[in-house]
Amino acid sequence: MGLNVYLSGEIHTDWREQIIAGAQGLDVTFDSPVTDHGASDDCGVAILGAESDKYWHDHKGAMVNAIRTRKGIADADVVVVRFGEKYRQWNAAFDAGCAAALGKSLIILQQPDHDHALKEINAAALAVAREPAQVVEILRYVLTGKLSG
């Protein structure tokens, strides 16, 4: 059995790389949104033309990025959504809601200080992890049925 895992959420730390490195040797395929912040913000205007109003600039980028995001979540067996320590991550919350609505297995990765703010999202998840290594151990257990160590 293999898993397709979509890694959504904050893009300012190396949590994705930690999970991917930790899962080496497991039958897992990873996908994610574009994590180059500049490319993600500017893709709409770079492809579809400039906008003088920042709202429409951002709107074009969000629409183009949504094509990739929707496909990644739809194809995933497991969706991991990371909420970082900084920034209001409305897009991460939206991705978690979409994954839950589609019946995807959802793992939330967040620190305890976000527990209250994310209580509804956490209630929809099958696991709430605090560290990337815990996500790797969940994937290992799901794939092998064995606990490490």
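Here are legends for several close-up views of this predicted model.

Before you start: residues are numbered from 1 along each chain as its sequence is written, and side-chain values use heavy atoms, with hydrogens and water left out. In this predicted model, local features need pLDDT of at least 70 and side-chain atom pairs count only at pLDDT 80 or more, while totals for chains, interfaces and linings use all residues.

**View 1. The largest pocket and its lining.**
Let's start with the largest pocket, which has a volume of about 900 Å³. It is lined by 29 residues, and the closest to its centre are Ser-40, Asn-65, Trp-90, Asn-91 and Asp-95. Two or more lining residues come from each of β1 (3-9), α2 (37-48), α3 (54-75) and α4 (90-101). Helix α3 gives the most, with 10 residues. Sorted by class, the lining has 11 nonpolar, 10 polar and 8 charged residues. (Ala, Val, Leu, Ile, Met, Phe, Trp, Tyr, Cys and Pro count as nonpolar, Asp, Glu, Lys and Arg as charged, and the others, Gly among them, as polar.) A pocket is found on a 1 Å grid over the protein atoms alone: it is an open set of points where a 1.4 Å probe fits, with protein on both sides within 12 Å along at least five of seven lines, and lining residues have an atom within 4 Å of a point. The volume is the space filled by probe spheres set on the points, which are joined across faces, edges and corners. As for the element names, helices (H or I, at least four residues) and strands (E, at least two) are DSSP runs, numbered from the N terminus.

Zoom in on Phe-83, in the loop between β3 (78-82) and α4. Phe-83 counts as buried because its relative accessibility is 4%. (Buried means under 20% relative accessible area, exposed over 50%, and partly exposed in between, with a 1.4 Å probe and protein chains only.) Phe-83 and Tyr-6 are 77 residues apart along the chain, and their C-alpha atoms are separated by 14 Å.

**View 2. Pro-33 in its loop.**
Pro-33 sits in the loop between β2 (28-31) and α2. Its relative accessible area is 18%, so Pro-33 is buried. Now find Ala-66: it is 33 residues from Pro-33 along the chain, with 8.9 Å between the two C-alpha atoms.

**View 4**
Lys-71 and Asp-75 join their side chains in a salt bridge (2.7 Å, N to O). Both lie in helix α3, 4 residues apart, which is about one turn of the helix. Asp-75 counts as partly exposed because its relative accessibility is 40%. A salt bridge here is a side-chain nitrogen of Lys or Arg within 4 Å of a carboxyl oxygen of Asp or Glu. By this rule, the count comes to 9 salt bridges.

**View 3. A salt bridge from loop to loop.**
Here the side chains of Arg-130 and Asp-115 meet in a salt bridge (2.8 Å, N to O). The pair links distant parts of the chain, 15 residues apart: Arg-130 is in the loop between β5 (127-129) and α6, while Asp-115 is in the loop between β4 (105-109) and α5 (119-124). With a relative accessible area of 26%, Arg-130 is partly exposed, and Asp-115, at 29%, counts as partly exposed too.

Glu-120 is exposed, at 54% relative accessibility, whereas Lys-119 is partly exposed, with a relative accessible area of 40%. Now look for Glu-10, Arg-82 and Glu-85: salt bridges that share partners join them into one network.

Met-1, Tyr-141, Val-142 and Leu-147 make a nonpolar surface patch of about 490 Å². A patch like this is made of residues with over 30% relative accessible area and no salt bridge, with nonpolar side chains (Val, Leu, Ile, Met, Phe, Trp, Tyr) joined within 5 Å, while like charges are joined within 9 Å. Accessible areas come from the Shrake-Rupley method with a 1.4 Å probe, and for residues only the protein chains shown count as cover. Tyr-141 belongs to helix α6 (residues 132-144). Tyr-141 counts as partly exposed because its relative accessibility is 45%.
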